[in-house]
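Please look over the sequence and the structure before reading the notes. The notes are meant to be read with both in view.

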Number of protein chains: 2
Amino acid sequence: MQKKIEELKTILAEVDDLDRASGVLGWDQEAYMPKGGAEARGQQLGTLQRLSHERFVDKKTGKLLDELKKSSSELDPDSYEARLIKVCARLYEREVKVPSDMVTEKAEVTALASQAWQEARAASDFSKFEPHLDKVIDWSRRYAELFAPYDHVYDALLDAYEPGMKTAEVQAIFDGIRPKQVELIKAIAGKEQVDDSILHQNFPEAGQFAFGKEVITAYGFDWDRGREDKTTHPFSTNFGYGDQRITVRVSEDYFNPYLFAALHETGHALYEQGVPKSLARTPLYGGTSLAVHESQSRMWENLVGRSRVFWGHFYPNLQKQFPEQLGKVSVDDFYKAINKVHPSFIRVEADEATYNLHIMLRLELEIAMMEGKLNAKDMPEAWNERFESYLGITPPDDAQGVLQDVHWSFGLMGYFATYALGNLVSAQLWEVIQRDMPDMDDQIAKGEFAPLLSWLQENIYQHGSMFEPQELIEKVSGSKINGEPYLRYLNEKFGAIYNL
Amino acid sequence: MQKKIEELKTILAEVDDLDRASGVLGWDQEAYMPKGGAEARGQQLGTLQRLSHERFVDKKTGKLLDELKKSSSELDPDSYEARLIKVCARLYEREVKVPSDMVTEKAEVTALASQAWQEARAASDFSKFEPHLDKVIDWSRRYAELFAPYDHVYDALLDAYEPGMKTAEVQAIFDGIRPKQVELIKAIAGKEQVDDSILHQNFPEAGQFAFGKEVITAYGFDWDRGREDKTTHPFSTNFGYGDQRITVRVSEDYFNPYLFAALHETGHALYEQGVPKSLARTPLYGGTSLAVHESQSRMWENLVGRSRVFWGHFYPNLQKQFPEQLGKVSVDDFYKAINKVHPSFIRVEADEATYNLHIMLRLELEIAMMEGKLNAKDMPEAWNERFESYLGITPPDDAQGVLQDVHWSFGLMGYFATYALGNLVSAQLWEVIQRDMPDMDDQIAKGEFAPLLSWLQENIYQHGSMFEPQELIEKVSGSKINGEPYLRYLNEKFGAIYNL
């Protein structure tokens, strides 16, 4: 059996090497590539992805996995070997169902769709994107049918990002919190509003980076095993054990975009840096799902990085970086400004209280598209109706509405829910952390993050993808994903800020 | 036949995609990768290189090439198709001879050798490198035997970098110029020496980059299809049509290292940027050999960038960048300083008059190693003896002698000669250019490089690797590589500077 495990790991290592190489090419494409390189880069990425897919779904892999599954009853089901076999078998069963020509077709459809989306968004003209979105929907429906029979047609899409989770589960969770989030936002709207004009001053890039680096380092990011670069859209990507990149963008006339994205990506990066080397070059290496990953980015960005105790420690240093801009602003006014609640059109700029509503409307629209209840042409109206109903405002144009996100043009259907689930998980874990370490706030108030990082390391990061997300969250918190902790968190935090 | 050509091109495109992806990973390794990423990156590069080799030497490729060769007699021998078949067949015959275990063995030997070399050079202790060099020699001898029968055991090594060229040809060329270069250096040593202390002032990085960018742009580098980054060792690398990178290093207390390396790498880059898109994703895409490539880097670095007419135009702008450092230095004094001739130990810092001698001694030592006349243990003494005889000085230690270059530790035997051949080719082409365009100097004196670039484009760059190097040079200059033009160039230039 050990010999077969080694054979499997040889295949996995090759697949992983190809995928990480794609990662490097993708990162460079965003961070440094001159525009003339786009066509060749697309070809290279296409080749690497095809080779990776072909190697993984090879019959040899299937045969090996069948044999290993048969003999894995001898193993402790929580052992590394048993988990490796289980996770690989799940991935294999998924990938082998997808015919090569559908992989190629998706690449072609989305190459055109993403180009059309860029033009459509720039012109705020949905009609340019509409036919491409129909093709993405059509492809996604056919993809979902590969996994029939199913409880819900959307399940296969969700499962790719949130292994083991069902559409009905997500709907039940979201149904439970939606009215309460809407209620909170209405309550806040009736109170005196926060003035965040202090954040819209000139903050030179060098000072922002210097302060960011101080916090990222204090969080525990290992610079010997990672670096930070600039891109148009921030992201985090891993090139194998020992090489974790984060990317950020900087706005010199608005404080938030750099710092909070940097802390967000650092959260993803700390998770990846905490996965042990023993899992490297296998599918167990890396975060277990997008929701659990997002729980980490949101925790370090918001639960830590937008907390009053955090700024009690760091604000004097920020004032030193920007004495003219912030020297006379109190820490409480600054804290309120960075936590201003305000329904707005763009998801990535949304505050903690409204953010989930942006996600829920997308999920509903995606499900309706998959169920055949909506087609591309119906989307702008459906979007605006829901936006008005959840957030009380109507997008002035499609660029600020249905065209704002890149995901559908990349064929990423089933992805959005994980953003909101991540928020919920972050608060659910946070309650456990507070219980396990009653002095956590005192530690953060001193700028000490090692205890928090150790806890996360032991309870989450070290497991990589050994456990499915719901399994891991239940193991750590005693229950599957539920929305109550996040609602308690929002109500307590914004109750204090807005005197509710 | 057209169908078979397309089949071949599909294989070639995949191989090229894998190789260019390796290029991106290698570039990032030097430019940005955190040190923790080394192990994973080595594995990824190993996988990409193995896959590329396997795809190319697949029996399918061989069969296709055999069939194409048979029917290629119908083709114009200078046509794209005929050249593609010829070049691919040559590469295939070479690569298919190398057993996979020798490819793997080389990777293992050189991984350890390059690590040992770094330690040996840092400690200036040849004994740390000696056993590894013996392994590299042993591997190289076995590699050469794969190509028996041969005229000379060194031929196969040379042929990998300079297709079609024989050891005897190179020896004859070098034997013809060596005594004359030695003589020139002796004559210069008897004259009043040049003072280059003005180059050893503080030159802030930003000013160096600004001036460099001005010249690189004037040369005709297309920034939409390329960029410049910093690395420890400068290099130039191509990621496919539309994406050409150059890398540089900057010393703030010495003017030469940034600018002349930048112009050197720009020379390589202009060649690659000039190869037409129609050749992309095949072995015809890119410069035809290292010597012809080096002729371009040395031409733009030296024949243009260290010429009096060039500085007549650009020196006032350089003075504006560095008014304190150079405001009172005349253009003639500056010109002499950057062209100072002075025997020195380190090849990469050598001036135009002494540089080839550094190469010749390496070539002789490599040939002796391959012939079995020298083993690793003999190298320090053999190095120092030749150095004394050619350059009149003896390295004070092995770090400044036999240990200075990284090449052997990478298993790059057969590579060095191309550096000196490149110098010769640059002057040989230059004489043709001067004849074809008598006003070339006037153009350069006005900062106009478009006529020069057009000439190179038409005569060299557009052909990519369609012609073998000797074939191309003969086609353009009327004769194969010969040393006379370079000797004329050196004698004229340094005769004027040193009043010989």
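The points below go from the overall form to single residues.

This is a predicted model, in which local features need pLDDT of at least 70 and side-chain atom pairs count only at pLDDT 80 or more, while totals for chains, interfaces and linings use all residues. Residues are numbered from 1 along each chain as its sequence is written, and chains are lettered from A and ligands numbered from 1 in the order in which they are written.

**Chain A as a whole**

- Chain A contains 21 helices and three strands. Helices (H or I, at least four residues) and strands (E, at least two) are DSSP runs, numbered from the N terminus.
- A compact globule of 500 residues would have a radius of gyration near 23 Å, and the 23 Å of chain A agrees with that. The radius is taken over C-alpha atoms, and the globule rule is 2.2 Å times the number of residues to the power 0.38.
- Along the principal axes, the C-alpha atoms of chain A fill a box of roughly 70 × 50 × 45 Å.
- Of the 500 residues in chain A, 43% are buried. A residue is buried if 20 or more other C-beta atoms lie within 10 Å of its own, exposed if 12 or fewer, and partly exposed in between, with C-beta atoms placed from the backbone.
- Among contacts in chain A between residues at least 6 apart in sequence, 71% join residues at least 24 apart. Two residues are in contact if their C-beta atoms, placed from the backbone, lie within 7 Å.

**Two domains in chain A**

- Chain A is assigned domain 1 (2-96) and domain 2 (124-500). Such bounds come from an automatic or database domain assignment.
- The C-alpha centres of domain 1 of chain A and domain 2 of chain A are 27 Å apart.
- The contact between them takes 16 residues from domain 1 of chain A and 17 residues from domain 2 of chain A.
- On the side of domain 1 of chain A that touches domain 2 of chain A, α1 (2-31) and α4 (80-96) of chain A each supply at least two residues. The most come from α1(A), with ten residues.
- By class, that side of domain 1 of chain A has nine nonpolar, one polar and six charged residues. Ala, Val, Leu, Ile, Met, Phe, Trp, Tyr, Cys and Pro count as nonpolar, Asp, Glu, Lys and Arg as charged, and the others, Gly among them, as polar.

**How the two chains meet**

- In the interface, 31 residues of chain B are in contact with 31 residues of chain A.
- The elements of chain B that give two or more residues to its side are α1 (2-31), α2 (38-56) and β1 (226-230). Of the elements, α1(B) gives the most, with eight residues.
- The side of chain B that touches chain A has 13 nonpolar, eight polar and ten charged residues.
- The copies meet through the same surface, because 100% of the interface residues of chain B are also interface residues in chain A.

**The strands of chain B**

- β1(B) and β3(B) run parallel and are joined by five bridges. Two strands pair if DSSP finds at least two bridges between them.
- β2 (residues 235-238) of chain B pairs with β3(B) in the antiparallel sense over four bridges.
- T247(B) in β3(B) is the bridge partner of D229(B), and T247(B) is also the bridge partner of F235(B).
- Five of the five residues of β3 (residues 244-248) of chain B are buried, so this strand is largely enclosed by the rest of the structure.
- Q244(B), I246(B) and V248(B) point one way from β3(B), and R245(B) and T247(B) point the other way.
- Five residues lie between the strands in the hairpin of β2(B) and β3(B), where G240(B) takes a positive phi near 110 degrees.

**Backbone details in the loops**

- The peptide bond from A148(A) to P149(A) is cis, with omega near 0 degrees. P149(A) is in the loop between α6 (130-145) and α7 (155-161) of chain A.
- In chain B, the peptide bond from A148(B) to P149(B) is cis, with omega near -5 degrees.
- R281(A) is a residue other than glycine with a positive phi, near 60 degrees. R281(A) is in the loop between α10 (256-273) and α11 (290-304) of chain A.
- R281(A) is buried, with 23 other C-beta atoms within 10 Å.
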